[in-house]
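Reader: I would like to learn how to read a structure feature by feature. Where do we begin?

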Amino acid sequence: MSSTDARSPAALPDQTTTQLQIGGRGATTRRLARPRLVGVDVARGLALLGMIAVHVIDDVDSRGNPTLTTEVAAGRASTLFVMLAGVGLALLSGGQRPAEGRARTAVAAGIAVRALLIGAIGLLLGDLFGESTEVEVILPYYGLLFLLAIPLLGLRPRTLAWITAGVVAVAPVVILWIVADAGAAELDAGGNVTFATLFEDPGGLFSALLVTGPYPVLAFMAYLCAGMAIGRLNLSSSRLAAGLLAGGLAMALAAQLVSSMLLFQLGGLSQVVDLEDADSTKEAVNQVLWAPKPVGSWWYLAVPAPHSSTPIDLLHTLGSAMAVLGAALLLCRIRAIASLLRPLAAAGSMTLTLYTAHLLVLATGVLEDEQVVLYLLMIVAALAFGYFWQRKMGQGPLERMVAAIAGLARRAVAAQQTPDGRHRRG
């Protein structure tokens, strides 16, 4: 549920209606208009395009240098994906006016079911790629993030912002402490978690999800909490959108400047390079800046590399995600631009379906030697499918399935009765 004004140019003209029943027989039912925010969907669509690019196109070229895809999308796409998931959770649980009492309990039940379904889909997809590190499925991490977000549903934006800051400060230190204690090889386990992992090594699965995997939940909670804080604000406000754009750019730039000072001016780079396993100094430097293996040195916390889960990485990618969302919200206030971006917004409204579909295509190995062609075909297909499916059917196929099952859980909890037969009141 969102309190966004349906007349706002940031909102799609079509609306979904949510019914909230209070009390038992003779109770009133409120119909809450909940327009979709084009800017949020456009940002989510951009995150989807970035995730597909990272999976399809190599991260380094033949000379060992990062490709354009790595420079633009690596780390930033997954951050935007998770931050917008936080925005979605905030909207789902009431937007600026969080649900309370029984209503919040019902929303929490629906989110828990969503988390389990998304995690299950992710585990199934993980079987397609096994221990491959070229395609690392984010959905199991998504599911755990959703579960951990449930206790935070009633928090105010300021509190969520403080939690974000705490995670940014503490999580990288904890991860580095684990590296020093268990060794970098343990942290850099890589690969995908599957149902087999769940049954054969549940401890290893949760260790991977929390710390050792490519999207460690311990660190990624910062993105989710930041998104929830943003989702509790008035997303139809142009002032908020401009603040996200300017503040995000400032945060991203400041993080890079601090990293540059620590690594290049204060000598941190040489300290980390000496601990990296590389054949040459150039390779070691590229590795530190773009794909480092965690090492037992506090200087590692100054590394800006994507998915390094350092404070620099978290602040830079979070700032980038905020800026993209702010820019999307501002641009979509202009009706002509919002209409032009409608295919991208439609794709962004069904990322679970399209993300899953692109992984199924990749698993076939089709056009694996023609990466640019494959990427362009995937993007055209995603935009076309999203646009026409939304016009005819509304929600994406997987989104509809997940929403239907989660809705059953939400309504079941909302309809719970006390032992004397009366409905509980929120």
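Author: Phe81 has a relative accessible area of 4%, so Phe81 is buried. The term means under 20% relative accessible area; over 50% is exposed, and partly exposed lies in between (1.4 Å probe, protein chains only). This is a predicted model, where local features need pLDDT of at least 70, side-chain atom pairs count only at pLDDT 80 or more, and totals for chains, interfaces and linings use all residues. Residues are numbered from 1 along each chain as its sequence is written, and side-chain values use heavy atoms, with hydrogens and water left out.

Reader: How many aromatic pairs does the whole structure hold?

Author: Rings of Phe, Tyr and Trp (its six-membered ring) pair if their centres lie within 6.5 Å; planes under 30 degrees apart are stacked, over 60 edge-to-face, and the rest tilted. A search of the whole structure finds 8 such pairs. One of them joins Phe81 and Tyr142, 5.6 Å centre to centre, with 40° between the planes: a tilted pair.

Reader: Which helix holds Tyr355, the partner of Phe81 in another distant link?

Author: Helix H17 holds Tyr355, 274 residues from Phe81 in helix H3. The ring centres of Phe81 and Tyr355 are 5.9 Å apart and the planes stand at 40°, so this pair is tilted. Tyr355 has a relative accessible area of 0%, and therefore counts as buried. Ring pairs link Phe81, Tyr142, Phe146 and Tyr355 into a cluster.

Reader: How many salt bridges does the structure hold?

Author: Side chains of opposite charge can pair when their charged atoms come close. The test is a side-chain nitrogen of Lys or Arg within 4 Å of a carboxyl oxygen of Asp or Glu. The structure holds 1 salt bridge. Arg44 forms a salt bridge with Asp41, and their closest N and O atoms are 2.6 Å apart. Both residues lie in helix H1 (residues 38–56), 3 residues apart, about one turn of the helix. Arg44 and Asp41 are buried.

Reader: What is Thr69 in contact with, beyond its neighbours within four places in sequence?

Author: Contact means heavy atoms within 4.5 Å. On that basis, Thr69 touches Ala53, Val54, Ile57 and Ala74. Thr69 belongs to helix H2 (residues 68–73). Its relative accessibility is 14%, so Thr69 counts as buried.

Reader: What percentage of the residues of the protein count as buried?

Author: Of 426 residues, 49% count as buried. The protein has 19 helices and 2 strands.

How values were computed
Helix = DSSP H or I, 4+ residues; strand = E, 2+ residues; numbered from the N terminus.
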